Amino acid sequence: MKRFEGRTILVSAGADGLGLGICERFAAEGGTVVALDKSKEAIEAAQERNEAEFIRFEQVDLLDQKSVVECFTRLEADLKFDTLVNNAGGSLHTPRAFLEESDEDWDRLLALNVTAAVRLTRLVLPHMLEAGFGRIVNLGSKAGRYGSLFTGANYVAAKGAVQSMTLQLAQEFGPMGVTCNAVCPGAILTPRVERLLSERMTPEEREAAVLGIPVGRNGRVEDVTAAVAFLASEEASFITGQLLDVNGGQGMAS
């Protein structure tokens, strides 16, 4: 399929894990893809992959507003983005126990998960409004929907904020041709999640958690990339303001 030919996609934290998988999926389907990432090492490793041959990587600290604006200004000189995937986020290995979380732990997670998404959305939306077309896909989390077995209240609250913002953006910009949805993954076994699970859960607890997933396994990167690509596609033109659970049935809502 070449669903994204003629489309220009911006992905935050796009040099490894879920972000890289998302970028590679869009590129494989013909999209022009720009990946923003802070890590020079991750970018260099990604550029060695055949699947990333046509992805443009930009090194930028998403928490540094000045650097983000400068990077985006440089990009928009020859690119007009119609799709934004706000993938940057994570728990940053801050404590799970609420009383052990410091103000700094809260500030860092809200900045990475929420503020970075706000800033990029604010920059990209004018391109979408000018074209009368846009797709915004935010990365939420099962944690932000149903709580978490291994991350703390700060991460849960941050992802909950991203998910609530998704609904408001969908309502505000739907009349201008822009849809906004969120994909809410469960435990997707990226290297980072593997490390966190191994630190915070015993093998027995991990086995019990998998037994509680109706489909009988943890998630894979491709489970999430397929959901993101669908919501960004023309096939999803009548879908907006939705929180799409990708957790194997571990959390369900009617």
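Visitor: At about what angle does helix α3 run to β3?
Guide: Helix α3 (residues 65-75) lies across β1 (8-12), β2 and β3. Helices (H or I, at least four residues) and strands (E, at least two) are DSSP runs, numbered from the N terminus, and contact means heavy atoms within 4.5 Å. Axes are lines fitted to C-alpha atoms, for helices over the stretch in contact, with angles from 0 to 180 degrees between N-to-C directions. By that convention, α3 runs to β3 at about 150 degrees.

Visitor: What pLDDT do local features need?
Guide: Residues are numbered from 1 along each chain as its sequence is written, and side-chain values use heavy atoms, leaving out hydrogens and water. This is a predicted model: totals for chains, interfaces and linings use all residues, side-chain atom pairs count only at pLDDT 80 or more, and local features need at least 70.

Visitor: Which are the edge strands of the sheet?
Guide: The open sheet has 7 strands with parallel pairing, in the order β3-β2-β1-β4-β5-β6-β7. Two strands pair if DSSP finds at least two bridges between them. The strands that pair on one side only are β3 (55-59) and β7 (243-246).

Visitor: Which residue in β3 stands opposite Val33?
Guide: Strand β2 (residues 32-37) runs parallel to β3, and 5 bridges join them. Opposite Val33 stands Ile55.

Visitor: How many of the 12 residues of α1 are buried?
Guide: Buried means under 20% relative accessible area (1.4 Å probe, protein chains only). In α1 (residues 17-28), the buried residues include Leu18, Ile22 and Phe26. The helix is largely enclosed by the rest of the structure because its buried residues number 9.

Conventions:
Expected span 1.5 Å × (residues − 1). Buried < 20%, exposed > 50% of the residue type's maximum accessible area, 1.4 Å probe, protein only.
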